[in-house]
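Morning, everyone. I have one protein to walk through today. Please bring it up on the screen.

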Amino acid sequence: EGDKTTFINFKQVCELFRREPSHVMKFLVKHLATAGFIDPEGKLVLQGHFSEPQLRELLGRYVEFYVKCPTCGRPDTRLVKKLRIVYMVCEACGAEAPIKVKS
């Protein structure tokens with residue numbers, strides 16, 4: 001749409017990942033070096049033109065860093081903040097690992 005890219009099913013993707021839309025959005029805008037916002041309907045609007053393969057690749061990286069358990073590889077995780085550290089807790093195997101900031 002003009003000079004913007006709209007990620008129409010963004011809300012559904014975040015629900016599938018079981019992650020807050022704001023967390024996923026921050027990851028995407030940082031890695032795309034752009035600005036963005038979530039509209040009232042749950043769509044992500046990004047400044048600039050971005051292709052579907054670009055967004056898929058970044059979502060794959062997000063899943064590797066913030067969704068898949070580093071121990072068993074299952075996506076049955078949740079993020080838990082304890083004091084100032086965020087941990088990924090796996091509901092499948094019980095593993096708990098601090099999240100490292102990745103680029």
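Let's start with a question: in β3, which residue is the bridge partner of Ile 38? Leu 44 is the bridge partner of Ile 38. Keep that pair in mind while I set the ground rules.

This is a predicted model, where local features need pLDDT of at least 70, side-chain atom pairs count only at pLDDT 80 or more, and totals for chains, interfaces and linings use all residues. Residues are numbered from 1 along each chain as its sequence is written, and side-chain values use heavy atoms, with hydrogens and water left out.

Now the overview. The protein has three helices and six strands. Helices (H or I, at least four residues) and strands (E, at least two) are DSSP runs, numbered from the N terminus. Reading from the N terminus, the order is β-α-α-β-β-α-β-β-β. The C-alpha atoms fill a box of roughly 45 × 25 × 25 Å along the principal axes. Of the 103 residues, 35% count as buried. Buried means under 20% relative accessible area, exposed over 50%, and partly exposed in between, with a 1.4 Å probe and protein chains only.

Next, the β1-β3-β2 sheet. Three strands form this open sheet, with antiparallel pairing. Two strands pair if DSSP finds at least two bridges between them. β1 and β2 stand at the edges with a single partner strand each, so one side of each has no neighbour in the sheet. The twist averages 15 degrees from one strand to the next. For angles, axes are lines fitted to C-alpha atoms, for helices over the stretch in contact, and the values run from 0 to 180 degrees between N-to-C directions.

Look at β3 and its partners. β1, residues 4-7, pairs with β3, residues 44-47, over four antiparallel bridges. Lys 4 has Gln 47 as its bridge partner in β3. Phe 7 stands opposite Leu 44 in β3. On to β2, residues 36-38: three bridges join β2 to β3, again antiparallel. The hairpin of β2 and β3 has five residues between the strands, and Gly 42 there takes a positive phi near 90 degrees.

What lies across β2 and β3? That is α2, running at about 165 degrees to β2.

Now the inside. The largest nonpolar core has 21 residues, and Phe 10 and Leu 28 have the most contacts inside it. A nonpolar core here is a set of buried Ala, Val, Leu, Ile, Met, Phe, Trp, Tyr and Cys residues joined through side-chain atoms within 4.5 Å. The elements giving two or more residues to this core are α1 (10-17), α2 (21-32), β3 and α3 (52-66).

Zoom in on Phe 10. Leaving out residues up to four places away in sequence, Phe 10 touches Pro 21, Val 24, Met 25, Leu 28, Ile 38, Gly 42, Lys 43 and Leu 44. Contact means heavy atoms within 4.5 Å.

β4-β5-β6 is an open sheet of three strands, with antiparallel pairing. β4 (77-82) and β6 (96-98) stand at the edges, each with a single partner strand, so one side of each lacks a neighbour in the sheet. Here the twist averages 30 degrees from one strand to the next. Three bridges join β5, residues 85-90, to β6 in the antiparallel sense. Tyr 87 has Pro 98 as its bridge partner in β6.

That's the tour. Thanks.
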